[in-house]
Amino acid sequence: MTDKPGLRFQNPSVNRRSRHPSYILHHTLILLVTPWLWVNGMTIWPFVLVQKPNPSARLLNHERIHLRQQLELGIIPFYIWYFSEYGYYRLRGRTHYAAYRAIRFEREAFEHDDNLKYLKNRPFWGFLNVLPHRNVGPH
């Protein structure tokens, strides 16, 4: 924990072994540490939910890409599109994981999450530039 404003603040009243969510302000993100989360990270505007209090830069970048997608498209339209694509791929016989990885928002985030400068040069509605999905994972 530092004293520099806006860089990192963890709720001091949280017991590190607690199963209750805590919050961390991390640069421009509001992280909710939720130990019971079934995935490493998840973005639900305006929050980023993470399993562990010190997520990797790659995970944070992945979730920042989702925040940008949600801002550009609008929060409700984003979720409608997201779950429509997921449902489409599931109906086409994909497994849960293959359907998740086929969603264009996820494809953009996974393709660029290792490039920490991606959001600086990302075009508006960059998820539309992702190539059409072919085969991802087992069916």
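Helix α4 is largely enclosed by the rest of the structure, because seven of its nine residues are buried (buried: under 20% relative accessible area; exposed: over 50%; partly exposed: in between; 1.4 Å probe, protein chains only). The structure is a predicted model, in which local features need pLDDT of at least 70 and side-chain atom pairs count only at pLDDT 80 or more, while totals for chains, interfaces and linings use all residues. Residues are numbered from 1 along each chain as its sequence is written, and side-chain values use heavy atoms, with hydrogens and water left out.

The protein contains five helices and five strands, where helices (H or I, at least four residues) and strands (E, at least two) are DSSP runs numbered from the N terminus. Their order along the sequence is β-β-β-β-β-α-α-α-α-α. Of the 139 residues, 38% are buried. Contacts (heavy atoms within 4.5 Å) between residues at least 6 apart in sequence join residues at least 24 apart in 42% of cases.

The buried residues of α4 are Arg-104, Phe-105, Glu-106, Arg-107, Glu-108, Ala-109 and His-112. These residues pack against α1, α2, α3 and α5 (118-121).

Aromatic pairs number 14 in the whole structure; rings of Phe, Tyr and Trp (its six-membered ring) pair if their centres lie within 6.5 Å, and planes under 30 degrees apart count as stacked, over 60 as edge-to-face and the rest as tilted. One of the pairs is formed by Phe-78 and Phe-105, which are tilted at 50 degrees between the planes with 4.5 Å centre to centre. Phe-78 belongs to helix α2 (residues 75-91) and Phe-105 to helix α4 (residues 104-112), so the pair ties together parts that are 27 residues apart in sequence. Phe-78 is buried, at a relative accessible area of 2%, and Phe-105 is buried at 0%. A further tilted pair joins Tyr-97 and Tyr-100, with 6.0 Å centre to centre and 45 degrees between the planes. These two tyrosines are separated by about one helical turn because they are three residues apart in helix α3 (residues 96-102). Tyr-97 is partly exposed at 48% relative accessibility, and Tyr-100 is partly exposed at 22%. Ring pairs also link Phe-78, Tyr-79, Trp-81, Tyr-82, Phe-83, Phe-105, Phe-124, Trp-125 and Phe-127 into a cluster.

The ring of Phe-110 has the charged end of Arg-101 over it, 3.7 Å from the ring centre. A charge sits over a ring if NZ of Lys or CZ of Arg is within 6 Å of the ring centre and within 35 degrees of the ring normal.

Four salt bridges are present, each defined by a side-chain nitrogen of Lys or Arg within 4 Å of a carboxyl oxygen of Asp or Glu. In the bridge between Arg-58 and Asp-113, the closest N and O atoms are 2.8 Å apart. Arg-58 lies in helix α1 and Asp-113 in the loop between α4 and α5, so this pair ties together parts that are 55 residues apart in sequence. Arg-58 is partly exposed, with a relative accessible area of 46%, whereas Asp-113 is buried at 4%.

Arg-104 and Glu-85 form a salt bridge with an N to O distance of 3.3 Å. This pair links distant parts of the chain, with Arg-104 in helix α4 and Glu-85 in helix α2, 19 residues apart. Both Arg-104 and Glu-85 are buried. In the salt bridge of Glu-108 with Arg-122, the closest N and O atoms are 2.5 Å apart. Here Glu-108 in helix α4 is linked to Arg-122 in the segment after α5, 14 residues apart. Glu-108 and Arg-122 are both buried. Through shared partners, salt bridges join Glu-72, Glu-108 and Arg-122 into one network.

Glu-63, in helix α1 (residues 57-73), is buried yet has no salt bridge. The nearest side chain of opposite charge is that of Arg-64, 10 Å away (Lys and Arg count as positive and Asp and Glu as negative; His and the chain ends are not counted). Leaving aside residues up to four places away in sequence, Glu-63 touches Gly-41, Met-42, Thr-43 and Val-48.
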